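Here is a model to go through by question and answer.

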Amino acid sequence: MSGHKHKKQFGQNFLNNPNVIHNIVAAINPKTDQHLVEIGPGEAALTEPLLERVAKLDIIEIDRDLIAPLTRRFQNKPSFHLHNTDALKFDYRQLLEQPGEKLRIVGNLPYNISSPLIFHLMDQADIISDMHFMLQKEVVERITATPGNKAFGRLTVMVQYTCQTEYLFSVGPENFTPPPKVDSAIVRLIPHATRPYTADNFIDFAALVKQAFSQKRKTLRNTLKNWLTTEQIEQCDIDPGLRAEALNLADFVRLANLYTQQKN
């Protein structure tokens with residue numbers, strides 16, 4: 001498949017280092033009876049070792065030019081199932097074959113779709129046991145950030161509301177063809193079996209988090225002034241003079257729940 005022309009619109013940077021590939025597969029640690037889904041296999045650097053280990057591997061690939069070479073290479077593998085479709089629009093529930101089954105999702109994600117794709121998958125988190133993604137390092141730092149860290153933002157809060165997050169390891173540009181202009185990293189996301197904090201109204205929660213981070217230099221007193229009064233913010237045991245990045249997940253849920261209550 002080395003003749004494939006890399007396409008900018010699909011953000012194609014393909015892994016080429018066998019050691020990195022080995023480390024990613026080891027981190028995923030796939031078991032025979034598990035149902036895996038790989039998003040964007042590219043030139044199949046991960047696909048091949050995964051196929052050796054699992055009974056079912058569904059591949060999601062948008063680039064039509066990769067379909068024929070992938071099919072030729074793996075059509076004799078009974079575990080191989082290829083879907084030429086857009087991962088951002090795909091309904092992953094249709095891959096389930098039995099009640100209670102969960103999917104394990106992996107992928108070297110194009111940087112331009114990584115955040116929207118993670119949000120799309122989080123909407124289907126009840127059918128996912130875990131996700132392992134290669135992303136831009138800066139995005140992994142944001143997803144796994146802790147309060148007070150400058151990387152802590154809307155993406156952090158929204159992903160951590162749904163998933164436990166873990167930064168696994170970094171991968172330099174020299175491990176890809178063509179080399180990207182940024183460092184990459186591997187993240188593990190495990191949807192919470194029971195959420196540590198629950199928003200009474202998820203839409204209100206998502207909107208309030210977005211609003212709180214809309215002007216990062218401003219304090220909550222200013223960013224949330226059309227949502228909650230200074231007294232209401234204090235009622236949640238939160239200093240209105242803080243910026244959004246100083247809060248934790250529980251704080252955001254308390255603020256959103258108070259907003260939902262007083263709105264109703």
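**Salt bridges and burial**

Q: C236 has a relative accessible area of 6%: is C236 buried or exposed?
A: The model is predicted. Buried means under 20% relative accessible area. C236 is at 6%, so C236 is buried.

Q: How many disulfides does the structure hold?
A: A disulfide needs two cysteine sulfur atoms within 2.5 Å. C163 counts as buried at 2% relative accessibility. The number of disulfides in the structure is 0.

Q: Which residue forms a salt bridge with D58?
A: Side chains of opposite charge can pair when their charged atoms come close. The cut-off between nitrogen and carboxyl oxygen is 4 Å. Here the closest N and O atoms are 3.7 Å apart, and the partner of D58 is K56.

Q: How many residues apart are R104 and D130 in the chain?
A: R104 and D130 form a salt bridge, with the closest N and O atoms 2.8 Å apart. R104 lies in strand 5 and D130 in strand 6, so the pair links distant parts of the chain. Both residues are buried.

Q: In which strand is the salt-bridge partner of E166?
A: E166 pairs with R188, the closest N and O atoms being 3.0 Å apart. E166 sits in strand 7, 22 residues from R188. R188 lies in strand 9.

Terms used. Residues numbered from 1 in each chain as written. Predicted model: local features only at pLDDT ≥ 70, side-chain atom pairs only at ≥ 80, totals over all residues. Heavy atoms only, no water. Buried < 20%, exposed > 50% of the residue type's maximum accessible area, 1.4 Å probe, protein only. Salt bridge = Lys/Arg side-chain N within 4 Å of Asp/Glu carboxyl O. Helix = DSSP H or I, 4+ residues; strand = E, 2+ residues; numbered from the N terminus.
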